[in-house]
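Trainee: I am new to this kind of picture and would like to learn how to read it. Could we go through it together, one feature at a time?

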Amino acid sequence: MLLIDTFAGPSLIEGVGVFAAEPVRKGSHVWTLDLSIDRIVTPEELDRASPVYQRFIERYAYFDAGLGGYLLDGDHSRFLNHSDDAAIEFRADGDGYARRDIRKGEELTCNYSEFMPSLVILPSRVKDFQGSRT
């Protein structure tokens with residue numbers, strides 16, 4: 001769960017991103033697991049789920065070995081896009097902190113490899129749908 005005020009909007013990285021609605025100082029605690037907001041989907045639940053839900057989890061969740069399941073963020077943090085020069089760093093305790101000062105309106109990013117050791121960046125789906133509207 002994000003601990004700062006944010007909003008979702010169009011991203012130059014991927015179709016949707018999450019943005020700071022307020023300035024954030026370097027070192028600020030910006031994300032923590034909150035099971036009243038965030039959801040853990042067990043591998044067994046995922047196996048029983050519909051193909052549509054399985055694809056949703058594949059895109060918006062990640063497997064967390066410590067939790068024994070896929071973590072699906074229940075707020076805007078599911079739209080955190082990857083960057084090698086991320087605004088947020090996830091530390092060994094699993095919480096996220098501002099790596100540097102973050103400006104109001106700046107897209108919040110994280111380095112997926114900090115919490116997904118076998119990182120596989122899925123291809124953008126933006127191009128799949130551009131020009132498909134009639």
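Mentor: Gladly! Helices (H or I, at least four residues) and strands (E, at least two) are DSSP runs, numbered from the N terminus. This chain has three helices and 10 strands, and along the sequence their order is β-β-β-β-α-α-β-β-β-β-β-β-α. Please keep in mind that this is a predicted model, where local features need pLDDT of at least 70, side-chain atom pairs count only at pLDDT 80 or more, and totals for chains, interfaces and linings use all residues. Residues are numbered from 1 along each chain as its sequence is written, and side-chain values use heavy atoms, leaving out hydrogens and water.

Trainee: What share of the residues in the chain is buried?

Mentor: Buried means under 20% relative accessible area, exposed over 50%, and partly exposed in between (1.4 Å probe, protein chains only). Here, 36% of the 134 residues are buried.

Trainee: How much of the contacts in the chain comes from residues 24 or more positions apart?

Mentor: A contact means heavy atoms within 4.5 Å. Among contacts with a separation of 6 or more, residues 24 or more positions apart account for 63%.

Trainee: How many aromatic pairs are there?

Mentor: Rings of Phe, Tyr and Trp (its six-membered ring) pair if their centres lie within 6.5 Å; planes under 30 degrees apart count as stacked, over 60 as edge-to-face and the rest as tilted. By this rule there are six aromatic pairs. One of them joins Phe56 and Tyr60, a tilted pair with 5.0 Å from centre to centre and 50° between the planes. Both residues belong to helix α2 (residues 51–60), four residues apart, about one turn of the helix. Phe56 is partly exposed at 28% relative accessible area, and Tyr60 is partly exposed with 28% relative accessibility.

Trainee: Why is the pair of Phe63 and Tyr70 called edge-to-face?

Mentor: Their ring planes stand at 70°, with the centres 5.1 Å apart, so the pair counts as edge-to-face. Phe63 is partly exposed, at 39% relative accessibility, and Tyr70 is partly exposed too, at 23%.

Trainee: Which residues do ring pairs link into a cluster?

Mentor: Tyr53, Phe56, Tyr60 and Phe79 are linked in this way.

Trainee: Which residue lies over the face of Tyr97?

Mentor: A charge sits over a ring if NZ of Lys or CZ of Arg is within 6 Å of the ring centre and within 35 degrees of the ring normal. In this model, Arg91 lies over the face of Tyr97, 3.9 Å from the ring centre.
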